[in-house]
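Here's a walk through some side-chain contacts and chain relationships. Have the viewer open as you read.

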Protein chains: 4
Amino acid sequence: MGTLLVNGTILNAADTTAAEVLIEGETIVQIGRNLPREGHRVMDATGKYLMPGGIDVHTHLDLPVTATSSSDDYETGHRAAAFGGTTSHIDFVIQSRGGSLKQAMDTWHAKAAGKAQIDYGFHMTIIDLRDEVAQEIPSMLDEGITSLKLLMAYKGALQVDDQTMFRTMKIAAEHGMLVMVHAENGDAIAELVAQALREGKTDPVYHALTRPAVLEGEATGRAIALATVTHCPLYVVHMTCEDSIRQLQRARQQSLPVMGETCIQYFFLTADDLKRPDGAKFVCSPPIRTAKDHEVLWRALRDQTLQVVSTDHCPFWYKGGVNGRLPGKELGKGNFSKIPNGVPSLEDRLKLLWTHGVHTGRISPNRFVELNSTNPAKIFGLYPHKGSISVGADADILVWDPHKRETISAQTHHMNVDYNIFEGQVIEGAPVAVFLRGNQLVDGDQWLGKPGNGQFLRRAPNAPVL
Amino acid sequence: MGTLLVNGTILNAADTTAAEVLIEGETIVQIGRNLPREGHRVMDATGKYLMPGGIDVHTHLDLPVTATSSSDDYETGHRAAAFGGTTSHIDFVIQSRGGSLKQAMDTWHAKAAGKAQIDYGFHMTIIDLRDEVAQEIPSMLDEGITSLKLLMAYKGALQVDDQTMFRTMKIAAEHGMLVMVHAENGDAIAELVAQALREGKTDPVYHALTRPAVLEGEATGRAIALATVTHCPLYVVHMTCEDSIRQLQRARQQSLPVMGETCIQYFFLTADDLKRPDGAKFVCSPPIRTAKDHEVLWRALRDQTLQVVSTDHCPFWYKGGVNGRLPGKELGKGNFSKIPNGVPSLEDRLKLLWTHGVHTGRISPNRFVELNSTNPAKIFGLYPHKGSISVGADADILVWDPHKRETISAQTHHMNVDYNIFEGQVIEGAPVAVFLRGNQLVDGDQWLGKPGNGQFLRRAPNAPVL
Amino acid sequence: MGTLLVNGTILNAADTTAAEVLIEGETIVQIGRNLPREGHRVMDATGKYLMPGGIDVHTHLDLPVTATSSSDDYETGHRAAAFGGTTSHIDFVIQSRGGSLKQAMDTWHAKAAGKAQIDYGFHMTIIDLRDEVAQEIPSMLDEGITSLKLLMAYKGALQVDDQTMFRTMKIAAEHGMLVMVHAENGDAIAELVAQALREGKTDPVYHALTRPAVLEGEATGRAIALATVTHCPLYVVHMTCEDSIRQLQRARQQSLPVMGETCIQYFFLTADDLKRPDGAKFVCSPPIRTAKDHEVLWRALRDQTLQVVSTDHCPFWYKGGVNGRLPGKELGKGNFSKIPNGVPSLEDRLKLLWTHGVHTGRISPNRFVELNSTNPAKIFGLYPHKGSISVGADADILVWDPHKRETISAQTHHMNVDYNIFEGQVIEGAPVAVFLRGNQLVDGDQWLGKPGNGQFLRRAPNAPVL
Amino acid sequence: MGTLLVNGTILNAADTTAAEVLIEGETIVQIGRNLPREGHRVMDATGKYLMPGGIDVHTHLDLPVTATSSSDDYETGHRAAAFGGTTSHIDFVIQSRGGSLKQAMDTWHAKAAGKAQIDYGFHMTIIDLRDEVAQEIPSMLDEGITSLKLLMAYKGALQVDDQTMFRTMKIAAEHGMLVMVHAENGDAIAELVAQALREGKTDPVYHALTRPAVLEGEATGRAIALATVTHCPLYVVHMTCEDSIRQLQRARQQSLPVMGETCIQYFFLTADDLKRPDGAKFVCSPPIRTAKDHEVLWRALRDQTLQVVSTDHCPFWYKGGVNGRLPGKELGKGNFSKIPNGVPSLEDRLKLLWTHGVHTGRISPNRFVELNSTNPAKIFGLYPHKGSISVGADADILVWDPHKRETISAQTHHMNVDYNIFEGQVIEGAPVAVFLRGNQLVDGDQWLGKPGNGQFLRRAPNAPVL
């Protein structure tokens, strides 16, 4: 017995098709018209789109940071993701200084074990490239990990120097791996932060003012230059501003193997929001920018400069350290540099992008699918299992109501955090049913998933540069 | 009884799927695995791609020019097209000075009547925008014609001035039509040609030297400017050089509604070919450019600056006016300005682009489909009937052997012309079977089509800007 | 007996020198320290700059337009110019349709005869390039006229087509002449104006709205393209906006022989000023733009994209046709397209540029001299007689008080017009004495000049492209 | 008694004047026509230009490097400079690791003492920014040192990190100092060099291949970004390629306070010269590039992207370590990374730039003066004493014969080194007499100078950004 979705319109990255979809087991087995219904569960999708489940390639669940951890774990985070239409994600494993990559990977596998409710993969973050670590890198391919992350910011903590970046890129290029960078000039930021604090500038807004856009543009250009010399495919995470977008655009016009993502929050908020009394809620890195940058990002979605929209989901309690909560944003009271960096948005990505991207005509419904699912799947070695409503693919399917209206609120969201940065926004467009490998996780407001059902995604190397 | 294509890999603009395709009547009705075979003709496509038929949106069949006509008509041209994997095309109707649009359209319908073997549509070329013609334009929508063509070159003949271009764009924008332009500065070219002839420079190479790239760039920028002011969707035909590509690129980065195509010949030949004794063979407008421009065009395919590859197929006999042939290139002996402008390439587009685009890694197989079929279908109002292997779509299907090797030659091609500009080139990748609305037209070297079976394509307005 | 200027600081385009200047007759004969004073009139310039007289290369004195003429003639205009520090100008002769260049030149010589109080030269504006006119062009060199002006706007009146532009450039390039263009797309503007009037949009602001910046950018790019093909030095007059500045910038980065000027009014006012009840005062073409364009223009002065600041002085009475006044701006009541195009600014250029350019640090005092005097002299064939405080040069000298404060007002200005577009602006920096070829024209508020003393400037061809 | 230069043409950065120049003592006191000759030495300069002495702001005399020193000291180098028309230079003091700035400065003063024959100043190179060094920086102003140099290359030796660069820029900006950077990404280069050596690639050409242009472009962009954030005036030394020129160009178009120089050798040679058997002769950093880069540099001179042409003169014996010579280029036999970096060109700058810049029409004679003398004087706080033929300025004067022909050769040059990278080039244009502060140093082939006569140049802070 299968599940037959009828009367819906299939939405893929390029194609839109009015047809029925038959799921058997975990897989889509047939697409057609007037398929025989007997023996199947038939779901009517009149007026709905059927699209592949969202893939969020940039998340931080259960992430330890100084003095606390992010507040969503693999159980709560996965449920929230699925309610928002995301059925797969890739999280960042972080190497410990002095530790091996395998140790770090094992730690992260343990976080997911028994909790996972959607499918998940890992990127490997390198912070300490000792010779034995360099030699260990290729073994990650056997573990299903094909992408490496480097941070050019967070001086004295996660930041690597250009020599490490260069070496890592060389190794990655030789082994068909992808390098991802957080592009901000950490040296300059460290100086700006120290100076601000010396001058008694401690409010949250100084988080943004000490990380100017020009330093993101610089680091982006630098990463591209090293990728050019090493012939390494590069993926710049969470791009926020004109300075960095221009760098990417120029590089892509020269056919260099470079790609970029932005995150949903960078389309909406501005640095002024950090001036609010509750400004700490909006502290993330790179910081929220300006309305002008929003427009640049929308254009970059449209002209294909950017390939992916993700979230960088990394939630912390606004009022943490009480009622059994982990410490949170209150850690930075009186010192913006101690505010845990990150915002919750895992649940809201698709709804917001549909509302502000598709309904406004900025991007087509197909491009929506491409940015949220197909491109992530292709770039990160998950395609064709994920990223498409196609025969033979995993039956990760959203039944999407393009006109469903909701008001975003911390009262109703499923993320394990006491605020929502989009509080009060009315969206139009949301999933009404969500399938993961044929199993329905979401039915309207009802949760049907089960901890442990999510699977680890072993990814393929030599993925294409889009 | 249907036709079941098994063991092939479906190639669409974004998706690649190993699945079977069932055709019933003229339509694709099912895509799946292990579909029941009984009652169907089963065709094995092991090792082959199944892709949507090519759509060539820029052709000139049976085109009257000074002193002759193009040598392929709707019968010979259609057969050649199909052998090359093209199952639909859009030809240019040309208004007569003093005449109405309807008169011109009727003339072109008569050319196709009883001959057409593949599907065809019409663009309307305006050369004389009298008030009554301006008022006639919207009626073309009822005739299934949704795109208008203007020429900024051919001073004293087809060229329109900026006022005509502006007015036409206003009308088009109001009615959901698309404006296409041939972008070269005809005033300057007229002067350069006259000067060259005065100086006794009459060889074919002066055709190229009197049409410098900077004048194509200029006209492209001008058309974009008028499209910007009138908010009219613009499609620049046959772009050949860095000068014009940069104009398009800058415009698209500003989210202006502008698109562009190039033609297959502009990737390969250079102006030096016009210096050969048989240089007249390569005379077309805009002229063939330089190797540097080839690279710019390949990059523009890759970074999505260009949306379409077409042919501008417009063949003339090299040795015409004898043996019952129409006059041809020999008309320009001793005066390059009298060489009929145009080259044959309708049959070779897909093979060449696969060989030099896909096999070299410059573009992906999906992008190949997008450029040749999906984008043309979407931009010109044919989607979703054409442009995709999807349930419900017309069964225009190529069974494509990615490794079939052939040597291009006038000895073997099907175009009605005595030379081939790619003579001797070895290609790898060609169709082994071609279906049009479920009817097989090509089986290896064998022609199965029939004059009169091609249908006129009534196209939809308000097509998207890609 | 000479005139000895002591204790001042000489300001040239590159050099700043604390030294004395000795004038004998019409010429600067010595620069030194501790020069002998006996036998000379000694003028103390303590705290003052000595700089070469301003040269305004874009003026329209006594210009006939539809239904009236500009209100300053060679007498009133020259006095106003000198009070503002301008001691030479170049005016535009306008060919009549059907007439010869010589006829037009004679007409303009007659306007100046007996009235001229400062030195003046002529550009020749071509509107009707019949063959005999084309042949007549080189004879202009014998008349001391080395620059030709073409208008790409004013459809049906002054506008020329691209063929005329191309031919003129060819001739100019062969004879060491410079081509100047008014760059706006007149065809598109004609359509926009007609449409606005059809829709009852008759207020002055529609003058700006029917001449969008993109059409200036387009025409600028077109003129550059034709100059590129013809190898003709090009000078784009009155550039106002980012669209055209970008075109010029890109061309200059390719070492193309192209230059540009802006006019003083384009730094200050915006299209919003046309919405005022007296908006007609600010109507000129191209129109006043936006604050963003102001910044682009300042940057273009700084990065050397622009070479000259001029005025396009072309005054019309705001309340004309009464009290013996010529008709003026009131002609356009109820129909913006009938407002005479032009603003008065001949007297205010230097003061405003010093105040807003030099005092703000945007440009250096040397660059001020370069933009107002040295570059105009070099580009238009007047150097080294004009444009520099150097031994052997004409003694056209401003004694400039960098801290003199004045309030600009129609009450006090010397231009023959009843309003000032900068009314109420406080400037800091003005000439306190003005010499033309050794004769003092201005002494504080006092006029010392005499009609008939101004001389016609015979200019040299083959001037450099800066 | 003075010296009166008659019948020459004065060439300054903007002005060209046929006039006489009177020198009294060390100073130019008068410029005029028909100046009284009695009591003066009169020198006839018929057919000659009189221009300000060249200023070379980038030299390394007597520079200790690993295992040797540069072969010209303040005596030999100064004589060679003067023979080539350079009368002032600014050399780089290099801080020792662990040492103070004052110690380093004292060391360099000792090098010059008793030897200097032309005027000289110092830049301070910071390699070790301890807190006390940071505090010491402003004291350099009292020593007449106003510019700080940082190297982004030479990992493990002279290279500083971005934090040091940021801090230095902050201090410089606060105190009116200028920061100069050597812009190459030293981290990446270190990896490339190590890899090449591992692979047995030891020939000189690998010097160029391990320092690709993209790494110069990157570092230039990075320095500009930090200058933008710190509001520090920046001067990028020895720019060689399109990658870095584009960075500078974009920054200057945004009115950022950034400037750049190139060196004379970067216009002529290519990386292929390093493949010659004597390729070590041409090893300098950044390396010699390509013919395409030459063209970009010429354009950058013309469009004002670059402000200065210098030499980076740093000679080493080709066959050193014998005959009393210091070790030289032979140190790198079998290991390109041990070749002392640097080429001799101090004597040849002006002659080559005149020959290839002025005679070809690429730059005007005035621009020649501006690039070689006026801009260096202004940017580095020497103006108006140096950089101009003006009353009151130091009488540093070249009597320049624009048509003097010479063949460059190590046989005849005055630099203390056994080869010349321009060997055999015929130049046209050279000084026939050279004055430093009124004293004639060069008379044709004859040396009139005297060790100890050169003076230290105390420079002024807050120099302009050009």
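Is Lys102(C) buried, partly exposed or exposed? With a relative accessibility of 39%, Lys102(C) falls in the partly exposed class, because that class sits between the 20% and 50% limits. Keep in mind throughout that this is a predicted model.

## Charged pairs

Lys102(C) has a partner: its side chain makes a salt bridge with Asp106(C), with 2.9 Å between the closest N and O atoms. Asp106(C) is partly exposed as well, at 35% relative accessibility. As a general point, side chains of opposite charge can pair when their charged atoms come close.

Over in chain B there's a salt bridge between Glu370(B) and Arg367(B), with an N to O distance of 2.9 Å. Both residues belong to helix α12 (residues 365-379) of chain B, where they are three residues apart, about one turn of the helix. Here both Glu370(B) and Arg367(B) are buried. Over all chains, the salt bridge count comes to 122.

Arg437(C) and Asp119(C) form a salt bridge whose closest N and O atoms are 2.5 Å apart. This one links distant parts of the chain, 318 residues apart: Arg437(C) is in the loop between β19 (426-436) and β20 (439-443) of chain C, and Asp119(C) is in strand β12 (residues 119-125) of chain C. Arg437(C) and Asp119(C) are both buried.

In chain A, salt bridges build a network out of Glu26(A), Asp119(A), Lys386(A), Asp394(A), Asp396(A) and Arg437(A).

## Rings

How many aromatic pairs does the structure hold over all chains? The total is 60. One of them is Tyr74(A) with Tyr120(A), an edge-to-face pair at 5.7 Å centre to centre and 75° between the planes. Tyr74(A) is in the loop between β10 (68-69) and α1 (76-83) of chain A while Tyr120(A) is in strand β12 (residues 119-125) of chain A, so the pair ties together parts 46 residues apart in sequence. Tyr74(A) is buried at 0% relative accessible area, and Tyr120(A) counts as buried at 7%.

Phe368(C) and Trp400(C) make a tilted pair, with 5.6 Å centre to centre and 50° between the planes. Phe368(C) comes from helix α11 (residues 365-379) of chain C and Trp400(C) from strand β18 (residues 397-407) of chain C, 32 residues apart. Phe368(C) is buried at 0% relative accessibility, and Trp400(C) is buried with a relative accessible area of 0%. In chain A, ring pairs join Tyr49(A), Trp354(A), Phe368(A) and Trp400(A) into a cluster.

Charges sit over rings too: the charged end of Lys111(A) is 4.6 Å from the ring centre of Trp108(A), and that of Arg211(C) is 5.5 Å from the ring centre of Tyr154(C).

## His40(A)

His40(A) belongs to the loop between β5 (27-32) and β6 (41-44) of chain A. Its side chain reaches the backbone nitrogen of Gly2(A) at 2.9 Å. Beyond its neighbours within four places in sequence, His40(A) contacts Met1(A), Gly2(A), Leu4(A), Leu22(A) and Glu24(A).

## How the chains relate

Chain A and chain C have no contact, and their closest C-alpha atoms are 14 Å apart. Chain B and chain D don't touch either, with nearest C-alpha atoms 14 Å apart.

Conventions: Residues are numbered from 1 along each chain as its sequence is written. Chains are lettered from A and ligands numbered from 1 in the order in which they are written. This is a predicted model: local features need pLDDT of at least 70, side-chain atom pairs count only at pLDDT 80 or more; totals for chains, interfaces and linings use all residues. Side-chain values use heavy atoms; hydrogens and water are left out. Helices (H or I, at least four residues) and strands (E, at least two) are DSSP runs, numbered from the N terminus. A polar contact is a pair of N or O atoms within 3.5 Å; within protein, one must be able to donate a hydrogen and the other to accept it, and residues adjacent in sequence count only if both atoms are side-chain atoms. Contact means heavy atoms within 4.5 Å. A salt bridge is a side-chain nitrogen of Lys or Arg within 4 Å of a carboxyl oxygen of Asp or Glu. Buried means under 20% relative accessible area, exposed over 50%, partly exposed in between (1.4 Å probe, protein chains only). Rings of Phe, Tyr and Trp (its six-membered ring) pair if their centres lie within 6.5 Å; planes under 30 degrees apart count as stacked, over 60 as edge-to-face and the rest as tilted. A charge sits over a ring if NZ of Lys or CZ of Arg is within 6 Å of the ring centre and within 35 degrees of the ring normal.
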